[in-house]
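Open the model in your viewer and keep the selection tool ready. Each stop below says what to pick and what is there.

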Amino acid sequence: MAGMLAFIIASVRLDSLGISADSMRALLILAGLVIGTVSFAIFAQGWILFADKLSRQRLYTAVLFFIIGLLDVLHISAYSGLKLFGIETGLHLSDTLLAISHLLGALGILLIFSTEDRQVSDKHKFMAFIGGAWVSAIGIGLLYTYQWKHPEWLEYNGRSLGNSVIWIATLPIILLAIISMFRRSRKVSSSAAITMVRALMFMLLGHILLMLVDMQASLLHAVGEWYMVLSYYFVMKGVYRLTIEEPFRSQQAVEAMIKHMVDHDELTGLPNLRRMKEELGQAARSGASCIGIAVVNIDRFKAINDSLGYSAGDKVLTEVGERLSEVCQAAEKVYRMGEDEFALILGEVGDAEAAERRAVCLLHTVNPSVIIDETEYHISLSMGLAVYPVDGASVEQVIQYADMAVHHAKDQGQEFSRYVDKLKLVTQARIELENDMRKALDQEQFFLEFQPQFSLQTNQMVGMEALVRWRHPKRGIISPGEFIPIAEDSGLIVQLGEWVLRTACQYNKNWQLAGYPPICISVNLSMRQFRQYNLAERVGAILKEVGMEAKYLELEVTESMTYDIETALSQLYSLKQLGIHISIDDFGTGYSSLYYLKSLPIDRLKIDRAFVQELMLDGNDAAIVSTITTMAHHLQLKVTAEGVENEEQLEFLKQQNCHEGQGFLFSKPVPAGVFENEFLSRLAG
């Protein structure tokens, strides 16, 4: 600003030197022509460039400067004496056209850039062009028509009152436009908005100079016109930045972000499966001779997610991704494959044996400790390895084989497995079994067996546990250890679990109606069932449907279901309100907090069979059983020992005041008919 004022003062001094009128006139005409040229350049820039992404601000600015350019051309033609469109020339007309041009420019910029920008359609563009052309044609027509009725328009005897009002009124509008653009630049930190402020500053100075001088040729007049040239130049530059360059850069940034999101996992920031396939494909096309592909799976991740909550699951995923990345070498890279799986590319490893050694080394290097809510948890990982092109001819094949290998490792309870051809048969059999299971639910291939539970003090049966079995039409009886994990992975466990609950309650009710003494029946809940928001409502509906009192049903949950204590408490209290009994199954194998155990609304602890089986051989197991029993008595909970198989175990449990027991010593699980004939009949006397 100081430089501009200094230039104005210098211009005043130079004006007194008496530069010839012809020279001044030439400068003025040249400035007017440049202004007209820049105005039409702004119009062309807004109308032609990136026409498919035209914004409202750019469109209206183009139309505005089309009209301003036309006014400036008419102004300079009237000033120079050159007739256009049959319009007579004169200084008064020139001054009027210039004043209107400045007013439209200031008012248009203020209005256009004070509103939110958005994309416009081709129809909008066409209507704006028609409107601008129509306004211009009407203006020229009015000038041509009324110039004969008002010839005084062409005479110049000093600036008229009307023109003076226009010149003065334009000043506050320019100032408002400057303030508006300055606020916008502060708000969005836009260099384009700063450029527009600079343009308006030049417009303000040019307008002041032209307002103060008359229409006679002078250096100040010329300086004012050239300030307007600079103003329009910066408008062109600012509009380009504001409506083309910055949106284009923003679009580039958005596209780059979208591309990153397409190729990377949002949670961990690691490249995803799609990216891994691309990079492996490039390596394969470049002639890589041996590439190891290892798939890493977090064991029991669903249990972590379900019991501790999704935020804890996210924490585990992030930690594992970071730790795998930390132990990788320069030629190795980590990817996120899916919910609980990562993949590693083991560069050029020489041969398959070297790839296997490196994969096992990586697996053992990862720190298994994770801190969640100030509590330390130990996670375990499983890994499957396949080698390209030894195990498969294509990238997709090798990735699939590595995934097969890791699932085989999990199924076998191993931490590492190398792909071999027979795994294809195992995977295919697993898929077929899952499909058969879906049919089995509809075709009533599942059935229940019942295992009695005995009081260790009275040797009398006091309860029973319902256990699901599957009679496959081709394979015969399939072990629960084979189909239950598949049901959990596929989600079929919810439907199966509800069938077991309804069927077990129906059996118990039927036996009560048959006149047998009523006893409690125990049913296991899966993690997925326990996480259902309406579990209590569904259990209540089944009890009502069957007509069985809630006190004859006991639901068994595992310790892992109580990790998320708030959710567990809410769910358990909802179930207890129905009047059913609740027990913790396989107690001692999880990580239950003894602090929270006392607050859980439970009735029973069931000691896991693993401790009972080694009672007489391992003093530690005996101590654990004794401790659990003592603790349960203090908490006023009943204790049931699972897996009781011999008299020595039974005697030890009696000495510990264990309330009840079940196991092969009493009976293995038996069909409903056998259970009724051998146990219910005996109970009835």
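**Stop 1: the largest cavity**

Select helix 16 (492–513) and helix 18 (535–546): each supplies at least two residues of the lining of the largest cavity. Helices here are DSSP runs of H or I with at least four residues, strands are runs of E with at least two, and both are numbered from the N terminus. This is a predicted model, in which local features need pLDDT of at least 70 and side-chain atom pairs count only at pLDDT 80 or more, while totals for chains, interfaces and linings use all residues. Residues are numbered from 1 along each chain as its sequence is written, and side-chain values use heavy atoms, with hydrogens and water left out.

Now show V494, E498, L501, Q529, Q532, L535, R538, V539 and I542, which line the cavity. Helix 18 gives the most to this lining, with four residues. By class the lining holds five nonpolar, two polar and two charged residues. Nonpolar means Ala, Val, Leu, Ile, Met, Phe, Trp, Tyr, Cys or Pro; charged means Asp, Glu, Lys or Arg; the others, Gly among them, are polar.

The space in the largest cavity is about 60 Å³. The structure holds two cavities of 30 Å³ or more. On a 1 Å grid over the protein atoms alone, a cavity is a set of points where a 1.4 Å probe fits but cannot get out; a pocket is an open set with protein on both sides within 12 Å along at least five of seven lines; lining residues have an atom within 4 Å of a point. Points are joined across faces, edges and corners, and a volume is the space filled by probe spheres set on them.

**Stop 2: helix 3 against helix 4**

Select residues 56–80 (helix 3) and 91–112 (helix 4). They pack at an angle of about 170 degrees, with axes 8 Å apart. Helix 3 is therefore roughly antiparallel to helix 4, a label for angles over 145 degrees. Axes are lines fitted to C-alpha atoms over the stretch in contact, and angles run from 0 to 180 degrees between N-to-C directions. The contact involves 17 nonpolar, seven polar and one charged residue.

**Stop 3: the second largest pocket**

The lining has 14 nonpolar, four polar and no charged residues.

**Stop 4**

Select F202 in helix 7 (residues 191–212) and Y227 in helix 8 (residues 219–263), 25 residues apart. Their ring centres are 5.7 Å apart and their planes meet at 40 degrees, so the pair is tilted. Rings of Phe, Tyr and Trp (its six-membered ring) pair if their centres lie within 6.5 Å; planes under 30 degrees apart are stacked, over 60 edge-to-face, and the rest tilted. The count by this rule is 15 aromatic pairs.

**Stop 4: backbone details**

Most residues other than glycine have a negative phi, and most peptide bonds are trans. Go to Y388 and P389: the peptide bond from Y388 to P389 is cis, with omega near -5 degrees. P389 sits in the loop between strand 6 (381–388) and helix 13 (395–411).

Next, pick N459, in the loop between strand 8 (446–455) and strand 9 (461–472). N459 is not a glycine, yet its phi is positive, about 60 degrees. Finish at N657, between helix 23 (647–655) and strand 16 (660–662), also in a loop. The phi of N657 is near 60 degrees, a positive value in a residue other than glycine.

How values were computed. Parallel < 35°, antiparallel > 145°, perpendicular 65-115°, else oblique.
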